[in-house]
Amino acid sequence: MIDLFFSAAPWLAHLKRRLFPIIVTTLLLLVTNAPPTFAQNNPFDWFQNLFAPQPQPMPRHAPRKPHHLDTRSIETPKPRPVHPRPIATAPSPPKPSVPVRYRVAVVGDGLGQALAQGLAEALADRPDIAILRKTRDSTGLVREDFYNWQQAAQDLLTASELETKDGAASQKIDYAVILIGSNDRQSLSEDDKTYDLLSEPWQEAYGRRIESMAEAFHAHHVPLLWVGLPIVKSDKLAVDFSAFNTLYEDMAGKAGAIFVDVWEAFADEKGDYRAFGPGIDGQITRLRTSEGLYFTEAGARKLAHFVEGEIRRAYEEKTNPAAAPTNEAPSVEPPQTITGEPSDASSGTPAPNGLAPNAALPAPPPAKPAIGPLQSLTGPVLSHGGLLAQPDTKPVVSGNSAEQFLIKGRIDAEPTPKPGQASDFSWPRQ
């Protein structure tokens, strides 16, 4: 049929010869470039796709090679110097270097460390008084196999008497403070025997160690101040610590040591433990840590408040012998106990101006108590002598029965009821 169509005219036959190779070539290209599913589709779809735009394949690029920057030839720009404007302020005067004239050694456990920290802050106004922290955490007088405080005290006192090459005794101790015992709630071993906590043999052995340690400082002529354990949050620990304080006061006092009782200083008005309380400035603040045993910074400062007064007094006696009272024959002072109040020497009031060096100072006024007697603001008002009411001892004044019953309060003067009144309980009624 196609041949008849092209044979109708000579020019069509010529066109057939020209177009036939082109058509065959196009058909071959379409068949070779067809997708694999081309054979399963309609065979005449190729004619519909003949003039449809063909999708262009994505160009395949070669993987880019990482471009390494040669920084050797690049110079890093240097920052421009900034010159701040000078602030016109007066030069601060250099602090004078004050030589240390008095050394206080603080011995103990973790509570002793807090005391040393508080004393360093309390005596910051006296740079000539040095606080030597000779404490060791997690130690006590019971476990000598872990840390022997008896030997450590002897070594400390021996080193105190040794002088350096230039003649200055840098390790010399003039005063000693001990706060220890928070880790001693355990059995004690001595002479291959083990004693239970706070048993009678335990207390005897523990007391000997307290007395031996206090006598070591007394033998080297170093005044000793033994601070008792404070009240704690745990009731069981508080009972044991109270027994420890009794041993400290009794045994350390035999060697002339001063015992400082700080128990009530950190308790409330009922004698119970409290974590908050008045600080050194009188403001209510947190004094104890969360576990109820150790001190905060404010609590350590308050703890040192009950010790610094005695240290200042001893310092003044040593540095100013003329101001200290003189005795004809020196004698060992009896043991003392300080209960929660610092010494009067902590005030540090200077002598009035205009007095001669050897002039006798006026007698100091009587010591004023820190607080007065406690008075209840909500309790009932008591009469003189503490009685709410006293019986009437006067003779009964004559009068009618109503006056005796209502005014004088006499039960035996009850008025006789009249018939018809509400107070008439006679029966039958008249």
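Which residues point one way from strand β6, which the other way, and are they buried or exposed? I began my notes with that question. The model I am reading is predicted.

**Entry 1: strand β6**

I looked up β6, residues 224-227. L224 and W226 point one way. L225 and V227 point the other way. All four residues named here are buried.

**Entry 2: the partners of β6**

Next I checked which strands pair with β6. Strand β3, residues 175-179, runs parallel to β6, and three bridges join them. I found V177 with L225 as its bridge partner in β6. I then turned to β7. It pairs with β6 over three bridges, also in the parallel sense. Here W226 has F259 of β7 as its bridge partner.

I stepped back along the chain to A255. This residue lies in the loop between α7 (235-253) and β7 (258-261). Is A255 buried or exposed? Its relative accessible area is 9%, under the 20% cut-off, so A255 counts as buried. I set aside neighbours within four places in sequence and listed its contacts: A214, E215 and H218. I also looked up S212, which is 43 residues from A255 along the chain. Their C-alpha atoms are separated by 8.7 Å.

**Entry 3: α6 against α7**

I went on to helix α6, residues 200-219. At what angle do α6 and α7 pack? The angle is about 45 degrees, and the axes are 9 Å apart. That angle makes α6 oblique to α7. The crossing is right-handed. From α6, I listed W202, Q203, Y206, G207, I210, E211 and A214 in the contact. From α7, I listed F244, L247, Y248, M251 and A252. By class, the contact has nine nonpolar, two polar and one charged residues.

**Entry 4: α5 against α6**

My last stop was helix α5, residues 149-160. It packs with α6 at an angle of about 0 degrees, with the axes 10 Å apart. The two helices are therefore roughly parallel to each other. α5 brings W149, Q150, A153, Q154 and L157 to the contact. α6 brings R209, S212, M213, A216 and F217. I sorted these residues into six nonpolar, three polar and one charged.

Notes: Residues numbered from 1 in each chain as written. Predicted model: local features only at pLDDT ≥ 70, side-chain atom pairs only at ≥ 80, totals over all residues. Heavy atoms only, no water. Buried < 20%, exposed > 50% of the residue type's maximum accessible area, 1.4 Å probe, protein only. Contact = heavy atoms within 4.5 Å. Axes fitted to C-alpha atoms, helices over the stretch in contact; angles between N-to-C directions. Parallel < 35°, antiparallel > 145°, perpendicular 65-115°, else oblique. Left-handed = near helix turned anticlockwise from the far one by under 90°. Nonpolar A, V, L, I, M, F, W, Y, C, P; charged D, E, K, R; others polar. Pairing = 2+ DSSP bridges.
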